[in-house]
Amino acid sequence: MAPKNRSAVPRRPPTPALVLLPPLLCLVAAAAAFGAADARPLLASGGGGGVRRVLLANGLGLTPQMGWNSWNHYGCNINESVIRSTADALVSTGLAKAGYTYVNLDDCWGDDQRTSQGYLAANPKTFPSGIKALADYVHSKGLKLGLYSSAGTRTCGNTMPGSLGHEDTDAKTFASWDVDYLKYDNCYRDGTPETVRFPRMSHALMSSGRSIFYSLCEWGYMEVAKWGGLYGNSWRTTTDIKDTWTSMLSNIDENDAYAQYAKPGGWNDPDMLEVGNGGMTYNEYVVHFSLWAIAKAPLIIGCDVTSISKETLGILSNAEVIAINQDRLGVWAGRLTRHRKAVLLLNRGAKRSMSITATWPDVGIRRGVTVEARDVWEQVTLVPKFTGSLTAVVAPHSCKLFVLTPVGR
């Protein structure tokens, strides 16, 4: 979410929208082929590695998390009826079966002040049954419930208290409500560095008696990817996404700079999905979902799933694209299990179609190897097979996403 008071926070300048950083290979102007990450280490020296598993041994996030969050569509206009109907819709549409299991409340779920005993409480007008009853309902659907707080004195919408100074109490409260996920934002700070405030909640959650997925929403302010893996299961690398082509590409470009820090158990987060909210075209949403999938980003739906269109459902439920994101190898942008490669050809230009070629050295395949190419959006296997390179014509603001399988393996 993006409250007004965030505008004063200094940030790194965003990557220009027409540049993709390695391993997002710029093969032609305004176009790119993805997939040359094989030579990268899974975690840079000093990035955490085995130490992380000691500090954050909650066993969660072995693949990027999938679910739904209330903010992008509803903002503060949430209540228990919205959340219950969303849980129902995730099941009835098949999205839950596709892997979207977290139902996450963003800001504005809580009362304006703590109780006289110092505890967080649900807003009695919008969540009169309380969070525990809501968690029970969500769990009865085979789903998981997520909540939101901030590493500050107030949440970003200034509608409820933050958790700064109350980390242990709040973590135990979340656990007592059977909460499964915490998105932890970065507003109303007290001057204490993020490297101090966010670890406090991590330790509190680990001591709460319940395994709770910990999503750091630090905005990439202090290059959280370089230390977030010690404490969290995912970490926001970017500013808030907007439902525009330019914002979406800017976020994925900025996220790309930290590819080497993501691995099973902890993931770079370029923010939630805007697919289905209406600000982009169908082809642009296909690009959006493809980029998040191949970048091993969290797949958190941000639209109204109770009135989801057939086109939007088709994008979000594409099993072959989801499989790229959820591949257990967990390597960003390219390498999959069973010696396969995911390759994305992207045309950033808005005016004309482009012929884009990915050569085998570009995508980490040995010269002379023959592959079978599966177009995962068209859901067809191309004929004939390919040796040395793959070329496709890509429409403006569109992409082609392939899984390449060596023949004879």
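Buried here means under 20% relative accessible area, exposed means over 50%, and partly exposed lies in between. With that in hand, let us walk through the cysteines of this predicted model, and then visit a pocket.

**Disulfides**

The count comes to two disulfides. One joins Cys-76 to Cys-108, with an S to S distance of 1.7 Å. This pair links distant parts of the chain, 32 residues apart: Cys-76 sits in the loop between α2 (71-74) and α3 (80-92), and Cys-108 in the loop between β4 (102-104) and α5 (131-140). Cys-76 is partly exposed because its relative accessible area, 33%, falls in the range between the two cut-offs.

The other disulfide is formed by Cys-156 and Cys-187, whose sulfur atoms are 2.1 Å apart. Cys-156 lies in the loop between β5 (144-150) and α6 (167-176), while Cys-187 lies in the loop between β6 (181-185) and α7 (194-206). The torsion about their S-S bond is about 95 degrees, so this disulfide is right-handed.

What about Cys-217? Its sulfur is 6.9 Å from the closest cysteine sulfur, that of Cys-156, which is too far for a bond.

| Cysteine | Relative accessibility | Class |
|---|---|---|
| Cys-108 | 8% | buried |
| Cys-156 | 3% | buried |
| Cys-187 | 1% | buried |
| Cys-217 | 1% | buried |
| Cys-303 | 2% | buried |

Two or more of its lining residues come from each of α9 (282-294) and β17 (398-406). The lining has four nonpolar, four polar and three charged residues; among the lining residues are Tyr-282, Asp-375, Trp-377, Cys-399 and Lys-400.

Terms used. Residues numbered from 1 in each chain as written. Predicted model: local features only at pLDDT ≥ 70, side-chain atom pairs only at ≥ 80, totals over all residues. Heavy atoms only, no water. 1 Å grid on protein atoms, 1.4 Å probe; cavity = no way out; pocket = protein on both sides within 12 Å on 5 of 7 lines; lining within 4 Å. Helix = DSSP H or I, 4+ residues; strand = E, 2+ residues; numbered from the N terminus. Nonpolar A, V, L, I, M, F, W, Y, C, P; charged D, E, K, R; others polar. Disulfide = S-S within 2.5 Å. Buried < 20%, exposed > 50% of the residue type's maximum accessible area, 1.4 Å probe, protein only.
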